[in-house]
Amino acid sequence: MVEDTGIIIQSSDMDLSDDSDSSDWIIASQLAHLDYLHYLRQKYASKAIKKAKYQSMLNTGGRQKRVITPIYRQAYAYLQSHTYAATQLKFHLSKSTLYRIKQQINNKKQPINMPQSYDASRGDLDEQ
């Protein structure tokens, strides 16, 4: 393992002999340190891979494509009283984008079919 990493344990300045207890301890502590460094490098590499994978999945070109921006809302309001062609020219949007904006805004306006209870203070009707 030591040879694979290319790290050299230098013991020229220490009195290491084959029968010395201190030499065994020094080598063991250096190997433990090497094992810890190897663990940290593996952890760093794993985090870097995960981060790169996450970044590649993000829309790095700015905002998400499907978000309704204030300009899109203006285009939708303008579209209510003008044609698609006029709206395209004014806002520089494609017809398919205008269709998508209209569909998204209309889908948000539709109520979700959830049972509602009667509230006398508001004058609601029971819709169950």
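The chain has five helices and zero strands, where helices (H or I, at least four residues) and strands (E, at least two) are DSSP runs numbered from the N terminus. This is a predicted model, in which local features need pLDDT of at least 70 and side-chain atom pairs count only at pLDDT 80 or more, while totals for chains, interfaces and linings use all residues. Residues are numbered from 1 along each chain as its sequence is written, and side-chain values use heavy atoms, with hydrogens and water left out.

**Whole chain**

- Read from the N terminus, the order of elements is α-α-α-α-α.
- Of the 128 residues in the chain, 15% are buried (under 20% relative accessible area, with exposed meaning over 50% and partly exposed in between; 1.4 Å probe, protein chains only).

**H3 against H5**

- Helix H3 (residues 70-79) packs on H5 at an angle of about 90°, with the axes 10 Å apart; axes are lines fitted to C-alpha atoms over the stretch in contact, and angles run from 0 to 180 degrees between N-to-C directions.
- H3 and H5 are therefore roughly perpendicular (65 to 115 degrees; under 35 is roughly parallel, over 145 roughly antiparallel, and the rest oblique).
- On the H3 side, Tyr72, Arg73, Ala75, Tyr76 and Leu79 take part, and their partners in H5 include Leu98, Arg100 and Ile105; contact means heavy atoms within 4.5 Å.
- By class, the contact of H3 with H5 has seven nonpolar, two polar and four charged residues (Ala, Val, Leu, Ile, Met, Phe, Trp, Tyr, Cys and Pro count as nonpolar, Asp, Glu, Lys and Arg as charged, and the others, Gly among them, as polar).

**H4 against H5**

- Helix H4 (residues 84-91) and helix H5 (residues 95-109) pack at about 105°, with their axes 10 Å apart.
- That angle makes H4 roughly perpendicular to H5.
- Tyr84, Thr87 and Gln88 of H4 touch Lys95, Leu98, Tyr99 and Lys102 of H5.

**Two single residues**

- Arg100 lies in helix H5 and counts as buried, at 13% relative accessibility.
- The side chain of Arg100 makes a polar contact with the side chain of Gln104 (2.8 Å); a polar contact is a pair of N or O atoms within 3.5 Å, and within protein one must be able to donate a hydrogen and the other to accept it, while residues adjacent in sequence count only if both atoms are side-chain atoms.
- His92 sits in the loop between H4 and H5 and counts as exposed, at 70% relative accessibility.
- His92 has a positive phi of about 55° although it is not a glycine.
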